[in-house]
Amino acid sequence: MEAGAYENALPICSPLTTLQQLLEWTQGSDSVCVSKQPLLPRICYPSRPLTLVCHDMMSGYLEDKYLQNVVKEDGYRFFSWQYLDLFVYFSHHFITIPPVGWVSSAHCNRVPILGTVITEHSEGAEICKQLLYSQESYENAARKLVEIAKFYNFDGWLLNIENVIQLEDIPKLAGFVSCLSTMMSDAIPHAKVIWYDSVTKDGFLNWQNELNLKNELFFDKCHGIFLNYCWNEEGLKRTKKICTQKDRMYDVFVGIDVFGRGCYGGGGYSSNKALKIIRDVGLSAAIFANGWVFECQSVKNFLQNEIRFWSLLHPLCSVHGPSSLPLSTSFCHGYGHKYFLNGKCLSNKEWISIGMQQIQQVQTSLSFNDEVFSQMYQEDGFIGGGCLKILKPVPGSQSYMCSIFHCNVTVNKKLLVSYCVKPLIEPIRQESLQLTFTRKDGKQTKVIFVAGSHYYPVELQKSEVKRILENADICLLPENGSNGWKQHYFLVEENKRPCQLTDISIGLYQKTMEPFGFLLGQIQVIPINESQRYSVNITDLQAKHMVHFRQIIIDWNCTDLSLVHYYNIYIAISNKQPELVGQSITCKHVYSLQEEQQSCNLTVTVQPVMRNGWVAPINSCSFVEVEE
């Protein structure tokens, strides 16, 4: 990204547009644009067809380029991570570096994310001519691409060369692909370099729509190939034969254009027809431009439309659950009509920030018959922009539980388990959380957590929770909810026999045929380990008033950036109560002053919102007076 890139005085994530910018790039100039979220592990499955999504959302770098939340109606967000094996952030700039929010969201939902290298038209041909001038030139470029991926904490590259290459430069292009792939694997073991089916071994721009002798040169040099969209079933069968002979049957990603341009089935809500053909042949898939749902359908109904689109693909995609703890989420999409904290509505402004997205549920039931199901609800919440609504809308079977996380987590320590609920129908019907533990011999134990229960596990009293948190270096007990929300805490003792946590469900304690409904605002499953620390301190907090721009520039550091999800920013006038003015996903925030604030004494407070769900009370957070 360009050093110190700004827009309207706001720091932004940005691409590189020239080869010179790439070769002159140095790390550290825009460290605020770096995500500290590691790629979380997920359930390992036997070899199987994979799913890649290449988002291509209106050319990229929209509201997602900002490091702080943006006030905007109907912003684009993606939340169906459970189906993906790879995500590509795409734009038509030469070097597309994924914005920090997308890296954070993908990684916390266990999905590797790739940037894009693209050259197009005559300008792209000139870049390629310079890039492939010599072995030294393409090795230097590859080295820079590796450094960029490591610095910005993402997981590889899509190579999209869509211009003619001189025949004499083809060996150097293949060398570049091989060099980049090897360097990326050495630097980031799980990294992927994917070649797009465009240029052939003869240097022509001639999309093959299958793996064959004209493009396998590049496939052999990298981790996979993304086939163009105008394929037919016979071509896919030939592709399967070739990649099976190479023992790489799942490294070919067959393209599906959701806009339907020359694609089997016509795209849109019929994209499942193309995916069905691909899966029947036994190949991986690359879904391109799924932003069609947002761009071409009713924006006001985006949530329902997006769920509809992915529900059609659901039977054809593997579902990936978490395989590590802690696990904490409020289910926020990184978007909201309001912003809630501990059940209180602190802002009525509609906002978007993909980096504030929480871990998304793994199994989404869309059965509206007599089953229990969950759906996103944005008119209330515990932390963020919404929560889950758990519903059994009509009388029927004795179903009373809804699975929200399919997982496979080794449990060998005590667990602090909590859930936060708000009833929709009185009286309260004993909403409960259920964890399923599975031993190596396949035997399962279901542990049900019920508020006020006198049976194991018994709900913890506030003093007991405080003691446990203090032992984990969490000195402040989070507020226990307000506005009808109630958070319940339990302790699961260490299991003497190793087992796996394989499912998390929510519902009622008692089986019932009656309708019911309640809101689920947060769940936490956190191992209690004396060596693990979950708290952070804000340091070096500064707030400077830029009088000419009528803005406050706020900077700070944090003792452990990897533990923090985002930061709430508050402004207080004189001795008045602090008011929430926004959020930032890195250690910088720019606030535009209101007219009545410009001549006042102001205090800035920064409140970390932790990845494990803890939020310290504002009166214990770091604050500083604004400097002129």
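This is a predicted model: local features need pLDDT of at least 70, side-chain atom pairs count only at pLDDT 80 or more; totals for chains, interfaces and linings use all residues.
Residues are numbered from 1 along each chain as its sequence is written, and side-chain values use heavy atoms, with hydrogens and water left out.

Helix α2 is mostly covered, with 9 of its 9 residues buried, and by buried I mean under 20% relative accessible area, against over 50% for exposed and in between for partly exposed, using a 1.4 Å probe and protein chains only. Among those buried residues are Trp102, His107 and Cys108. What lies over them? The cover includes β5 (86–88), β7 (113–120) and α4 (135–152), where contact means heavy atoms within 4.5 Å. Just after α2, Arg110 takes a positive phi of about 75°.

Now to the pair of helices. The axes of α8 (residues 271–281) and α10 (residues 302–313) come within 9 Å and cross at roughly 25°; these axes are lines fitted to C-alpha atoms over the stretch in contact, and the angles run from 0 to 180 degrees between N-to-C directions. That makes α8 roughly parallel to α10, a term for angles under 35 degrees. On the α8 side the contact is made by Ser271, Asn272 and Leu275, and on the α10 side by Phe309, Leu312 and Leu313. Sorted by type, the residues of this contact are 4 nonpolar, 2 polar and no charged, with Ala, Val, Leu, Ile, Met, Phe, Trp, Tyr, Cys and Pro counted as nonpolar, Asp, Glu, Lys and Arg as charged, and the others, Gly among them, as polar.

Finally, strand β27, residues 516–528, is mostly covered too, since 12 of its 13 residues are buried. Two strands pair if DSSP finds at least two bridges between them. Strand β13 (residues 327–329) runs antiparallel to β27 and is joined to it by 3 bridges, with Thr329 standing opposite Ile523. Strand β20 (residues 387–392) is also antiparallel to β27, through 5 bridges, and there Ile390 has Phe518 as its bridge partner. For β22 (residues 414–423), again antiparallel to β27, there are 10 bridges, and Val421 stands opposite Leu520.

Note on methods. Helices (H or I, at least four residues) and strands (E, at least two) are DSSP runs, numbered from the N terminus. Angles under 35 degrees count as roughly parallel, over 145 as roughly antiparallel, 65 to 115 as roughly perpendicular and the rest as oblique.
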